[in-house]
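Please open the structure in a viewer and keep the selection tool at hand.

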Amino acid sequence: MRRRDDDSTPALHLRLGGTSVVLDVPRGALPGIVYWGPDLGDVSEEALDGLVAAARPQRVSGGLDHPARLTVLPLEHDGWQGTPGLIGSRAGAAFAPAFTVTETETDTDAAPSDTSAPTVTALTITADDADARLRLGVDLRLDENGLLHQTLRLTNTGDDVYDLHELAASFPLPHTAGEVLDTTGRHLRERTPQRHALTVGRYDRESRRGRPGADATLVLAAGTPGFGFERGLVHAVHLAWSGNHRVGVEKTIAGAVLTRVSELLAPGEVRLGPGESYETPEALGSWGDGLTELSGRYHRLLRSRPQHPSSTRPVTLNTWEAVYFDHDLARLSALADAGARVGAERFVLDDGWFRGRRDDTSALGDWYVDDEVWPDGLGPIIEHVTGLGLQFGLWVEPEMVSPDSDLARAHPEWILGPGPRLPMSGRQQQVLDLSNADVSAYLLERLDSLLRENDIAYLKWDHNRDLMEAGAGSPAHPAVHENVVALYALLDELRRRHPSVEIESCASGGARVDLGILARTDRIWASDCIDPIERLTIQKYTNLLVPYELMGAHVSGPRSHSTGRRHDLSLRAGVALPGHFGIEWDISSLEPEVEAELTSWVATHKRHRELLHHGTAVHADLPDASMDLRGVVSPDRRHALYTFTQVTASASYPPGPMTLPGLDDERMYRVALAEPTGALGGPGQSALAWAVEGVVVPGRALRLGGVQAPVLFPESLVLLEVTAA
Ligand code: DGJ
């Protein structure tokens, strides 16, 4: 890091990964972001100053004598009359801080080209308020994917307690942002998109479940009205945190628009004693001309992590919907045999293997193999599975405890709660206080022993209830924050001891999906709903943040256990195809032709998984909501695989063209239906001209004009393969 000369230009230009951030840096005052978006190229100091001056608003009648500045920490001191970035006090005092910047450091990257100067990529500032006795640290950093990272730190430099209520990161948005997209959801229908106009006022999405929750928004996006996946300037922010949080968008009457994001702290949750600090979870902002470009930055970040799974994603056979709690060596061995026949590579023994766990009413916490169900331990099933050449995985839910368990009987004081009474139960269970060192030590010992004593390649780490009234200690204080920190420490230590063991983050399906948990796990379970029609939405919007190789996607039985609907295997498998593919279905006695069809879908996934798990995920913005076209394009854009799903009956007949996004405009491509073709059918239709032998079409024409979609029955799907001609 180099120290910046404080007498230099009051503007600073951060550039990396196709993104520019321009900051107004007046001497001594907190900097403010005046531009965040597409790279501006080499900009002279004069032009930077011009940009900052051009962005400065006028003073107006009836207002303050200086127009408000939107800084990295908006405060009343700067005339800010929207929500302050810092809220807290010393028993009512020190409620209106005013910081003076005491240190500014920048990080510089090599020049992007031979002719350009090295670019600044990061800014760290330290600022003090001698009266409020607070020190602020702000880190702003661009990465090579063009993501803007922000972390704030607050230190109590006084000698009494400072009660922190909120410390929020702010991401100013362009004035063109007029529409908000976020996701909501519930068990069995995570990541449902919702949109509305961005108007003056504040719109917040809060997570108060002690985990992000099924209804949490993965990102909060705001952009040019009507933005889609393919086009429209859009910005979004995600908080890398697995606990309570708030992410919102605010527009002031003075025209400032920003996304603000923070950990949601309960009263008394963070009380800074003398010298103590609080650091926010990292907030990550992205932008794109359309959501595909915006998401691609998060995907590339995840893929660039040293711990990103580098091996091909093993096709997984999970026992949950196949047998539920009916654990029986012969039955599970037969299931594993069938898995091996169809091409599965990993077998995951789900809930029900541990002492006293015959249903979901008891035994969580007693992490010892049940010797009634497994009289010889897990050895026989593990040997059977690994003997077939499959990896063995095991389900656990370490943070939870059943009141009806030996653990709860021995240690009632280990349970999170508001005091002597217990919080309302959820799935008949309670939550352990991992911030208690004895609890974390117990869990580490149990998990470590299981992994040392058994040949386990994979843990499905579940979390099946929201945290309510989650207090620790006596008298109890709010403890969600401490528990997230302790969970991360437990996962980190377990991974340090067992670096080759992969971990899945599951939480009542997909209720814990965030970059904090993904820093410590190898995939997420997107939803307990495996109905392919529901999964189309769930996976599309989970893909806003999570690339396909980290997203569990399984083929269920013909009748969905969560919706009761029936679907062809081609739809069930075709929708799961791009993800970390698996099977969750009792396949031990399939009809031979069904087993053969499943085998061919597993083979299809394996044939394409290199492309699917390294390429760019794209989604077409088709005007007909009954049609779904999505795909993955190879990094060199010479090869792509798309699925076309006729979700419901189209009002048009034939449904009309479908455009193919993500290809190279300048290249020629051969477009053909790919095997297995699924259910092309329906009465009275002729052959689709292009589908018989394929056609060669310019990339630009595929993007803008497309090809005629085949006439399909509703709720059916075909695959299209596109290769450079
Ligand atoms: C909830 C998970 O989402 C399911 O996949 C399954 O593992 C059950 N828990 C087991 O209790």
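Which distance separates an oxygen atom of the ligand from an N or O atom in the side chain of arginine 427? Select both: the distance is 2.8 Å, a polar contact (a pair of N or O atoms within 3.5 Å). The model is predicted, with local features requiring pLDDT of at least 70 and side-chain atom pairs pLDDT 80 or more, while totals for chains, interfaces and linings use all residues. Residues are numbered from 1 along each chain as its sequence is written, and side-chain values use heavy atoms, without hydrogens and water.

Next, select aspartate 351, where a side-chain N or O atom lies 2.6 Å from an oxygen atom of the ligand. At glycine 509, a backbone N or O atom is 3.0 Å from a ligand oxygen atom. Of the 290 Å² of accessible area that the ligand has on its own (Shrake-Rupley method, 1.4 Å probe), the protein covers 98%.

Now display the shell around the ligand, which holds 13 residues (a heavy atom within 4 Å of the ligand). The closest are Asp350, Asp351, Lys460, Asp462 and Asp528. Colouring by residue class shows four nonpolar, three polar and six charged residues in this shell; Asp, Glu, Lys and Arg count as charged, Gly among the polar, and Ala, Val, Leu, Ile, Met, Phe, Trp, Tyr, Cys and Pro as nonpolar.

Finally, move to the strands (DSSP E runs of at least two residues). Four of them form an open antiparallel sheet in the order S11-S18-S17-S14, strands being paired when DSSP finds at least two bridges between them. Its edges are S11 (169–172) and S14 (201–207). S14 pairs with S17 (residues 245–251) in the antiparallel sense over seven bridges, and tyrosine 203 stands opposite valine 249 in S17.

Conventions. Helices (H or I, at least four residues) and strands (E, at least two) are DSSP runs, numbered from the N terminus. A polar contact is a pair of N or O atoms within 3.5 Å; within protein, one must be able to donate a hydrogen and the other to accept it, and residues adjacent in sequence count only if both atoms are side-chain atoms.
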